[in-house]
Amino acid sequence: MDDQAFGFISSNWPYWNRTEGADHFFVVPHDFGACFHYQEEKAIKRGILPLLQRATLVQTFGQRNHVCLRDGFITVPPYAPPQKMQTHLIPEKTPEVNFCLLQRIATMQAVWENFMDNPLFDISTEHLTIPRLVKVVIFGYIAIIIADDIVLPFADAIPWEEIEVFVDEKDVPNLDTILTSIPPEVILRKQRLIANPSMKQAMLFP
């Protein structure tokens with residue numbers, strides 16, 4: 001299939017042959033980029049398609065030291081319909097504090113084992129869908145990001161360290177202590193930053 005695709009492109013659009021795609025951009029909206037498989041193990045085994053080896057990829061998920069997600073690829077937020085998202089925006093002044101866990105599949109078990117009976121956490125088999133980061137920011141949650149090598153979108157423009165909480169994977173057993181030790185003024189500052197319309201605008205695009 002890869003050879004057929006390559007042959008079709010190189011014969012129908014010969015300017016591809018000038019650099020073998022090095023001056024081309026591809027959007028790869030998959031969790032594992034140009035490996036094109038939703039299961040990580042199979043994605044790694046498949047590797048980046050030869051057709052895309054020299055191209056620049058625009059991806060909606062980034063991770064350092066991953067064979068499917070190279071350094072130098074462009075990471076952007078996943079698409080969310082702006083009009084639909086607008087109906088869920090929170091007001092800038094809200095007294096409620098909401099945290100949302102964003103984690104690797106591998107850390108789910110550790111969170112479950114440590115905090116399934118902890119009233120601080122709402123963990124249920126009915127809530128297995130992992131929310132995308134863009135929705136978390138737009139809805140006004142403070143994300144708790146548990147993913148050591150994650151590469152976040154627009155990192156040069158969005159102050160992720162100031163609006164979210166990052167927890168090392170090894171520190172998951174101490175997650176309750178980490179969260180309850182965050183000073184109220186820090187939480188308030190994060191909320192105000194997240195509620196800033198310019199922050200949400202950076203996450204939405206037509």
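**Cores, sheet and disulfide in a predicted model**

The largest nonpolar core of this structure holds 33 residues. The residues with the most contacts inside this core are Leu 133, Val 137, Ile 145, Ile 146, Trp 160, Leu 175 and Leu 179. The model is a predicted one. Seven elements are listed as giving two or more residues to the core: α4 (105-115), α5 (133-138), β6 (142-146), α6 (160-163), α7 (175-180), α8 (184-195) and α9 (197-203). A second core is separate and has 15 residues. Among them are Ile 9, Ala 34, Ala 43 and Leu 52.

With neighbours within four places in sequence left aside, Val 137 is in contact with Trp 160, Glu 164, Ile 194, Met 199, Lys 200 and Met 203.

The model also contains an open sheet of three strands. The strand order is β1-β2-β4, and the pairing is parallel. Strands β1 (25-28) and β4 (74-75) form the edges, and each pairs on one side only. Strand β2 spans residues 56-59. Two bridges link β2 to β4 in the parallel sense. Across from Val 58 stands Ile 74 of β4.

Phe 73 sits in the loop between β3 (62-63) and β4. The relative accessibility of Phe 73 is 13%, so this residue counts as buried; the cut-off for burial is under 20%. Again leaving aside neighbours within four places in sequence, Phe 73 is in contact with Ile 48, Ala 55, Leu 57, Gln 59 and Cys 68. Phe 61 lies 12 residues from Phe 73 along the chain. The C-alpha atoms of these two residues are 10.0 Å apart.

A disulfide is a covalent bond between the sulfur atoms of two cysteines. A search of the whole structure finds one such link. The disulfide joins Cys 35 to Cys 68, with an S to S distance of 2.0 Å. The angle about the S-S bond is -100 degrees, and the link is left-handed. Cys 35 lies in the loop between β1 and α2 (40-46), whereas Cys 68 lies in the loop between β3 and β4, so the pair ties together parts that are 33 residues apart in sequence. Cys 35 has a relative accessible area of 0%. Cys 68 likewise has a relative accessible area of 0%.

Technical notes. Residues numbered from 1 in each chain as written. Predicted model: local features only at pLDDT ≥ 70, side-chain atom pairs only at ≥ 80, totals over all residues. Heavy atoms only, no water. Core = buried A, V, L, I, M, F, W, Y, C linked by side-chain atoms within 4.5 Å. Buried < 20%, exposed > 50% of the residue type's maximum accessible area, 1.4 Å probe, protein only. Helix = DSSP H or I, 4+ residues; strand = E, 2+ residues; numbered from the N terminus. Contact = heavy atoms within 4.5 Å. Pairing = 2+ DSSP bridges. Disulfide = S-S within 2.5 Å.
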